[in-house]
Every structure is written in C-alpha cells, then in structure tokens.
Amino acid sequence: MASIQTKQLETANAFLSCYNAHDVEGLAELFAPGFTYELFPASLPAPEGKFKRNKEETLGLFKHAWEEMFETMVYLPPMDVIQGEDAVVWHLKSDGTMKNGKKYNNEYMITLRFSGERIVYMKEFVDTKYVVDLFAA
C-alpha cells in the first residue's frame, strides 16, 4: 500500500499533467474545496490586482491565460523536487509562446500543500524581472 506522501507526489505530478493539458476539470478534481492560490513576490503586478485566489478564481485565471494570453504554455519537468510532510516544492521552468508571438520561458518555485491526497494550497513564485521585462517590451 502506498504511503500518503507517495500519493501526494502522484497528485502533484497529476497537477503538472492536467496543467500542461489545459484540463480545468482535472485540476478541479485535484484541488480541495477550500483550495487557495497565492502569487509571489508582492512586487509583481498581479493579474486583476489579486495575489490570492480561491479554487474557482484560480481555475478561471488558468483558463483565461490558456485561452487569451498563450498559444502554448507548459511547465517543464521540475529541476528540483523537495517533499516534506503534506508538501511538495518544485523548481521548474515553463515553455510557451504568447498570442503576440513572444516566447514565454519563465522560472518558478511552486509549493503545493495537501490535506490527504487533495491540494489545498499553491504558492507560485515567478521570475519578477523576466515578467516585468516581458510585459514592458
């Protein structure tokens, strides 16, 4: 029988698969009802001025990005994976192209927190300079 940490890592990997497939319904199944998403650092201009979002707002944010901002956008396999009690932390990059033709290759630190096998919290740190330079150009 798999340990809870093994199942949480499987859920984290399922998150990457669903995200890369732009599968909103699949993500909704992985997120707990009380799921919370936070974007960091605070110096970054947050979408719609919101750094913190609930489950439905997060799914809407992802869907909007996939449909309105990006031609393609995937997270690449994590370069580092750290797992602790009820948490998985990744260092990873993205590969994408925006609707305006610009490449989108950001770098992230993402923390997923769990209750059982469901994701209850996601903290996403992005490369601030990259984002600011990209949208300023």
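Colleague: Is D86 buried, partly exposed or exposed?

Modeller: D86 counts as partly exposed, because its relative accessibility is 30% and the cut-offs for that class are 20% and 50%. Bear in mind that this is a predicted model.

Colleague: Where does D86 sit?

Modeller: In the loop between β4 (80-84) and β5 (87-98).

Colleague: Let's step back. How many helices and strands are there?

Modeller: Four helices and eight strands. Along the sequence the order is α-α-β-β-α-β-β-β-β-β-β-α. The radius of gyration is 15 Å, close to the 14 Å that the globule rule gives for 137 residues, so the protein is as compact as a globular protein of that length.

Colleague: What does the C-alpha trace span?

Modeller: About 50 × 30 × 30 Å along the principal axes.

Colleague: How much of the protein is buried?

Modeller: Buried residues are 39% of the 137. The protein exposes about 7300 Å², and carbon and sulfur atoms supply 55% of that area.

Colleague: What share of the contacts comes from residues 24 or more positions apart?

Modeller: Counting contacts with a separation of 6 or more, such residues account for 54%.

Colleague: Now β1. Is that strand mostly covered or mostly open?

Modeller: Mostly covered. Strand β1 covers residues 31-40, and seven of its 10 residues are buried.

Colleague: Which way does β1 run relative to β8?

Modeller: Parallel, with six bridges joining β1 to β8 (residues 118-126). In one of these pairings, Y37 has M122 of β8 as its bridge partner.

Colleague: And relative to β2?

Modeller: Antiparallel. Three bridges join β1 to β2 (residues 52-54), and E38 has K52 of β2 as its bridge partner.

Colleague: What joins F40 and P41?

Modeller: A cis peptide bond, with omega about 0°. P41 is in the loop between β1 and β2. Most peptide bonds are trans.

Colleague: Back in β2, is R53 buried or exposed?

Modeller: R53, which lies in β2, counts as buried because its relative accessibility is 5% and the cut-off for buried is under 20%.

Colleague: What does R53 touch?

Modeller: Leaving out residues up to four places away in sequence, R53 touches F35, T36, Y37, P47, E48, T58 and L61. Among them, Y37 is the residue with M122 as its bridge partner in β8.

Colleague: Last one, E71. Which residues is E71 in contact with?

Modeller: T97, M98 and K99, leaving aside neighbours within four places in sequence. E71 is found in strand β3 (residues 70-75) and is partly exposed, at 49% relative accessible area.

Colleague: How far is E71 from S94?

Modeller: The two are 23 residues apart in sequence and 13 Å apart in space, C-alpha to C-alpha.

Methods: Residues are numbered from 1 along each chain as its sequence is written. This is a predicted model: local features need pLDDT of at least 70, side-chain atom pairs count only at pLDDT 80 or more; totals for chains, interfaces and linings use all residues. Side-chain values use heavy atoms; hydrogens and water are left out. Buried means under 20% relative accessible area, exposed over 50%, partly exposed in between (1.4 Å probe, protein chains only). Helices (H or I, at least four residues) and strands (E, at least two) are DSSP runs, numbered from the N terminus. Two strands pair if DSSP finds at least two bridges between them. Contact means heavy atoms within 4.5 Å. The radius of gyration is taken over C-alpha atoms; the globule rule is 2.2 Å times the number of residues to the power 0.38. Accessible areas come from the Shrake-Rupley method with a 1.4 Å probe; for residues, only the protein chains shown count as cover.
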